[in-house]
Amino acid sequence: MKDLLEKLVELQKLEIEAEKIRSLHKNLPIRIRELDEEFKVFQDAIERRRTEFEDKQKLKKEKDRQLQAGQEAMKKTRDRLSEVKTNKEYQSMLKEIETSEKKNGKIEEEIIILLDGLEVASREMKQQEGEFETSRLAYENKKKELQDNVDSLQGRMKELLGGVETMRKDISPDLLRRYDRIKAFANGVAVVPVRKEICSGCHMAIPPQMYNELQTGSEILTCPNCNRIIFREPVVT
Ligand SMILES: [Zn+2]
């Protein structure tokens, strides 16, 4: 009887650990997905900053081009100034030059503002790229750690299931049926020790007569209160 109980206790130990691993293993892919999503949010934000920065650079280039075209046009008008014949024509060209100057001045101001903005944005980008790199490394390390956990849990699970199978072959079908039935109704714990005449499954006292029978261990006994299979503590070594 003592031998049988030891087997049941060992089987239960393996099955409880397997159950724990099953639930851990179930949660890891969820945790990995969450990690991916967190990182994606950060990645999207930095991508947006990069695009904004590039747009500003493009705009600055476009303004440079406009200014250059404006300056060239003005130079041409000035060159033609010496060729005009009438005063009216001359005044009209001066007016044209004045308008162009104003227009070019406005573009120059826009370029200065853009340059300031680009300088600030460039500093911020540099800092954010640094932070992003740090968080990317942390993300990759954490992901690898979780992935390794998945692998090692799978390995341990395989061991445990092998152990469970071997143990179950070694226990009579009748006793296994009884064990499984109790397990299903008792939160996965079918075999519990009795300590100082108290069932550790339900914390109720065991009748003294039964407690004495437990000591002789001639048959498998169950707690009269919670119906779990009980044994005297020394059975497990
Ligand atoms: Zn009990």
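**Figure 1. Burial and overall dimensions of the chain.** In this predicted model, buried residues account for 9% of the 237 residues in the chain. The C-alpha trace extends over about 135 × 35 × 25 Å along its principal axes. The radius of gyration is 41 Å, whereas a compact globule of 237 residues would have a value near 18 Å. Of the contacts between residues at least 6 apart in sequence, 73% connect residues that are at least 24 apart.

**Figure 2. Domains and order of secondary structure.** The domain assignment divides the chain into domain 1, residues 18–171, and domain 2, residues 174–235. A distance of 65 Å separates the C-alpha centres of domain 1 and domain 2. Four helices and four strands are present in the chain. Along the sequence they follow the pattern α-α-α-β-β-α-β-β.

Figure 3. Four strands make up an open sheet with mixed pairing, arranged in the order E2-E1-E4-E3. In general, the strands of a sheet pair through backbone hydrogen bonds, in either a parallel or an antiparallel manner.

**Figure 4. The pairing of E1 with E2.** Strand E1, formed by residues 191–195, runs antiparallel to E2, and two bridges join these strands. Within E2, Cys199 is the bridge partner of Val194.

**Figure 5. Helix H4 across the sheet.** Helix H4, comprising residues 208–216, lies across E1, E3 and strand E4 (229–232). The helix runs at about 70° to E4.

**Figure 6. The largest nonpolar core.** The largest nonpolar core contains 16 residues. The members that touch the most other members are Leu8, Val191, Val194, Cys199, Ile229, Ile230 and Phe231. At least two residues of this core come from each of helix H1 (2–81), helix H3 (173–185), E1 and E4.

**Figure 7. The surroundings of Val191.** Which residues are in contact with Val191, leaving aside its neighbours within four places in sequence? They are Leu8, Val9, Gln12, Arg228, Ile229 and Phe231.

How values were computed:
Residues are numbered from 1 along each chain as its sequence is written. This is a predicted model: local features need pLDDT of at least 70, side-chain atom pairs count only at pLDDT 80 or more; totals for chains, interfaces and linings use all residues. Domain bounds come from an automatic or database domain assignment. Two strands pair if DSSP finds at least two bridges between them. Two residues are in contact if their C-beta atoms, placed from the backbone, lie within 7 Å. Axes are lines fitted to C-alpha atoms, for helices over the stretch in contact, and angles run from 0 to 180 degrees between N-to-C directions. A nonpolar core is a set of buried Ala, Val, Leu, Ile, Met, Phe, Trp, Tyr and Cys residues joined through C-beta atoms within 7 Å. A residue is buried if 20 or more other C-beta atoms lie within 10 Å of its own, exposed if 12 or fewer, and partly exposed in between; C-beta atoms are placed from the backbone. The radius of gyration is taken over C-alpha atoms; the globule rule is 2.2 Å times the number of residues to the power 0.38.
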